[in-house]
Amino acid sequence: MNSKTADRIATGAFIAIAIIIVSILAGLFFYIFINGLKYISFDFLTTPSSNVRAGGGIRDQLFNSFYILFITMLITVPIGIGGGIYMAEYAKPGKVTDLIRTCIEVLSSLPSIVIGMFGLLVFVNTTGWGYTILGGALALTVFNLPTMVRTTEDAIRAVPRDLKEASLALGITHWHTIKTVILPTAFPSILTGAILASGRVFGEAAALLFTAGLSTPRLDYANWNPFSEQSPLNIFRPAETLAVHIWSVNTQGLIPDVEAVSSGSAAVLVISVLIFNLGARWIGSIIHKRVTATK
Amino acid sequence: MEKLLPARERLLKSKKSSLDGEFRGKIMVILCAVLMISATIAITIFLGTKGLQSFTKNGISIIEFLTSTKWNPTDKANPAYGVLPFIFGSFAVTFLSALIAAPLGIGGAIFMTEIAPSWGRKILQPVVELLVGIPSVVYGFIGLTVLVPFIREHVGGLGFSLLSGTIVLAIMILPTITTIATDAMSSLPNHLREGSLALGATRWQTIRKVLVPAALPSLLTAIILGMARAFGEALAVQMVIGNVRNLPSSILDASATLTTIITLNMGHTTYGSVENNTLWSMGLILLIMSFAFILLIRYLSSRRKVR
C-alpha cells in the first residue's frame with residue numbers, strides 16, 4: 001500500500017473516531033431529553049416521592065441535592081481557597097510541599113465509594129450521628145477539596161507578577177496583598193472553578209449512599225427551625241439526593257413507575273449540571289470583563 | 001478618643017495589628033494545608049485498620065480471601081469468603097473498557113490536535129466536557145434501560161453482563177483519556193511535526209512514527225488515569241453488571257466487581273459482622289489499588305522527565 005493511501009485511510013479513521021465520540025454524546029443527550037422531558041412537570045418537581053405507589057415526585061430529593069451542595073460548598077470553598085493560597089504563595093519547594101501535593105493527588109484519585117466508606121466509618125459510626133446531611137457534606141468535602149485547592153492555586157498563579165510586586169513595593173504586607181490584590185484578581189477563575197465543581201458534586205451518588213442515606217423524613221417546608229426534626233434545614237437528618245434517588249428506585253425500588261421517575265430525575269439532573277457548566281462559563285466571562293476591562 | 005493619641009502610638013499600634021493579621025493569615029492557610037495531609041492520613045489509617053479486621057479479628061486467611069473463588073458469607077455452617085471473582089471482575093471491566101476507550105480517546109485527541117486543529121477542536125472539546133459532566137448514575141440508568149435490553153436481544157445472554165459494564169465504563173472514561181491525551185499531544189513541540197513533514201513523511205507517518213512515540217508516557221498516563229476511574233466506579237457498573245458471585249466464563253455472563261459488592265451489601269449487613277468486615281477489606285483493596293495507580297503514574301512521569 002502506498003503511503004498516500006495509508007495517510008488517507010488514517011485520516012478517515014480519525015474522522016470516524018471523532019464522529020463516534022460526537023454521536024455518543026448526541027445519542028445520550030437525545031435519549032435523556034426525549035425520555036425525560038415528557039415526565040417533568042410542575043407536579044413532578046413539587047410532590048414528595050412515594051415508596052410504593054406510582055405518581056411520586058422528586059420535591060424532597062431536589063431540595064436535598066441543592067442543600068447538601070450548599071453545605072458542602074460552605075465547608076469546601078474556604079478550606080480549598082486557604083489550601084490554594086498556601087500552595088501558591090507560602091509553600092516552599094521541599095519535602096513538605098511534595099507531601100501535600102501527593103496528598104492532593106491521592107485524595108483526588110480516590111474512588112468515591114471509598115470516600116463514602118470513610119464517611120460511613122467516621123461521620124456516621126464514630127460520631128454516632130447516623131445518616132446525616134452534615135456527614136454527606138463532609139464526605140463530599142473530602143471528594144471536592146483537591147479540585148478546589150488546584151483551582152485556587154492555578155488561579156492565583158495566573159495573576160500577573162507585576163500586581164503582586166507593585167503591592168509589596170508599596171510596603172503592603174504579604175497577607176494584606178493576598179487579601180486585597182491577589183484574591184480579587186483571581187476571583188473570577190476561582191468562582192468558575194467552584195461552580196464547575198458544584199456540577200460534579202451535584203451528580204455524585206456513591207459517596208452519599210452510606211453517609212446521607214437512602215431516605216428522607218417527612219419534611220414540613222413551613223418549619224424553618226434548623227433544629228426541628230421535620231425542618232428541611234436540619235443538617236442532622238438523613239437526606240436522599242436526586243442522584244441517589246435514581247440509583248435506589250432502579251435497584252431496590254418498589255414503585256411501578258420506575259422508568260418515569262428515573263427518566264424525569266435523570267433529565268433534571270443533567271439539566272442542572274448543564275446549567276452549572278454553562279453558568280460557570282458565562283459568569284466567569286462576565287466578571288472577567290468587569291474586573292479587567294478587557295473584551 | 002482615637003484622635004488624641006500621639007501619632008507614634010497610633011502607627012505602632014497599626015503596625016502591630018497588621019503584623020498580627022499577617023501571622024493569623026499564614027496560620028489559617030497552613031491549617032488548611034495541614035488538613036489535606038491529615039485527611040489523607042486519616043483515610044489510610046481508618047480504612048486500613050478497619051479493612052484488616054476481618055483477618056485479625058475474624059481469623060479469615062488472607063490467602064483464602066484473595067485466591068478462593070467461593071463467596072458465601074451467609075452460609076451459617078460453612079461460610080466462605082473468597083473474593084477472587086470480584087477482583088477478577090474489577091480487573092476485567094477495567095482492562096476491557098480501557099481497551100475500547102483508549103483508541104477512541106487517543107484517536108479523538110489526534111483528531112483535535114493534528115487533523116483538524118481549528119474547527120475539530122471547537123466541536124470536540126465541548127463534547128468531551130459535556131460527557132464529563134453527565135453523572136455516573138445517569139450512565140448507569142441509560143445502560144440499564146438501553147444497553148442491557150439491546151444486548152439481551154441482539155447479542156445474547158441476560159443482558160446484565162461483563163460486556164454491559166465494560167461499555168458503560170468505556171464511555172465514562174473516554175472523556176478522561178481524551179482530555180489528557182489532547183493536552184499531551186498539543187504540548188509536543190512544533191519542530192517535531194515540521195521536521196518530520198519536511199523529510200517528506202505523510203501526516204499519518206508523522207503521527208505514527210514521531211508524535212505518538214514522543215507523547216507515549218503521557219498517553220499511557222491518560223490511559224492509567226482512565227483505568228483508575230473505571231476501577232473505582234461503583235453505581236453505574238452495579239446497575240448493569242448483574243452482581244452474581246460466580247467467576248464469569250464469558251463476556252456475556254453476569255459478573256460482579258469489588259465496588260458493586262460493596263455497594264450492594266454495605267447497607268444491609270450488620271456493622272461489625274464478619275460479612276460486613278470483609279466488605280471493608282474489599283474497600284482496602286480499592287484503596288491500595290488507587291495508591292498503585294498513583295505510583296504507576298509517578299513512574300511514567302519520571303520517565304517523561306528523563307526524555
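This is a predicted model: local features need pLDDT of at least 70, side-chain atom pairs count only at pLDDT 80 or more; totals for chains, interfaces and linings use all residues.
1. Residues are numbered from 1 along each chain as its sequence is written, with chains lettered from A and ligands numbered from 1 in the order in which they are written. The term pLDDT stands for the predictor's confidence in each residue, from 0 to 100. Averaged over chain A, pLDDT is 88, and 98% of the residues score at least 70.

2. Confidence in chain B and in the complex. For chain B the average pLDDT is 87, with 93% of the residues at 70 or above. The complex as a whole receives an ipTM of 0.89 and a pTM of 0.89 from the predictor.

3. Make-up of chain A. You will find 11 helices and zero strands here, where helices (H or I, at least four residues) and strands (E, at least two) are DSSP runs, numbered from the N terminus. Along its principal axes, the C-alpha atoms of chain A fill a box of roughly 70 × 70 × 40 Å. Of its 295 residues, 46% count as buried; a residue is buried if 20 or more other C-beta atoms lie within 10 Å of its own, exposed if 12 or fewer, and partly exposed in between, with C-beta atoms placed from the backbone. Among the contacts in chain A with a separation of 6 or more, 74% are between residues 24 or more positions apart. A contact here means that the C-beta atoms of two residues, placed from the backbone, lie within 7 Å.

4. Make-up of chain B. Chain B has 11 helices and two strands, and its order along the sequence is α-α-β-β-α-α-α-α-α-α-α-α-α. The radius of gyration of chain B is 26 Å, well over the 19 Å that the globule rule gives for 307 residues, so chain B is more spread out than a compact globule. That radius is taken over C-alpha atoms, and the rule is 2.2 Å times the number of residues to the power 0.38. The C-alpha trace of chain B spans about 90 × 65 × 40 Å along its principal axes. Buried residues account for 44% of chain B, and 71% of its contacts between residues at least 6 apart in sequence join residues at least 24 apart.

5. An unreviewed UniProt entry lists "domain: ABC transmembrane type-1" at residues 62-280 of chain A. UniProt positions are given in the numbering used here, feature names are shortened, and annotations may be inferred rather than shown by experiment. In the model this span is 73% helix and 0% strand, with its end C-alpha atoms 20 Å apart. The entry's "transmembrane region" feature covers residues 12-34, 66-87, 99-123 and 129-147 of chain A. Residues 12-34 of chain A are 100% helix, with end C-alpha atoms 31 Å apart; residues 66-87 of chain A are also 100% helix, and their ends lie 30 Å apart.

6. For chain B, the unreviewed UniProt entry places "transmembrane region" at six spans, including residues 27-47 and 279-300. Residues 27-47 of chain B are 100% helix, with 29 Å between the end C-alpha atoms. Residues 279-300 of chain B are likewise 100% helix, and there the ends lie 32 Å apart.

7. Two loop residues. Gly56(A) sits in the loop between α2 and α3 (59-90) of chain A, and counts as buried because it has 22 C-beta neighbours inside 10 Å. Beyond residues up to four places away in sequence, Gly56(A) touches several residues, among them Pro48(A), Ile255(A) and Val261(A). Asn243(B) lies in the loop between α9 (235-241) and α10 (258-266) of chain B. Its phi is near 55 degrees, a positive value in a residue other than glycine. Most residues other than glycine have a negative phi. Asn243(B) has 21 C-beta neighbours inside 10 Å, so it counts as buried.
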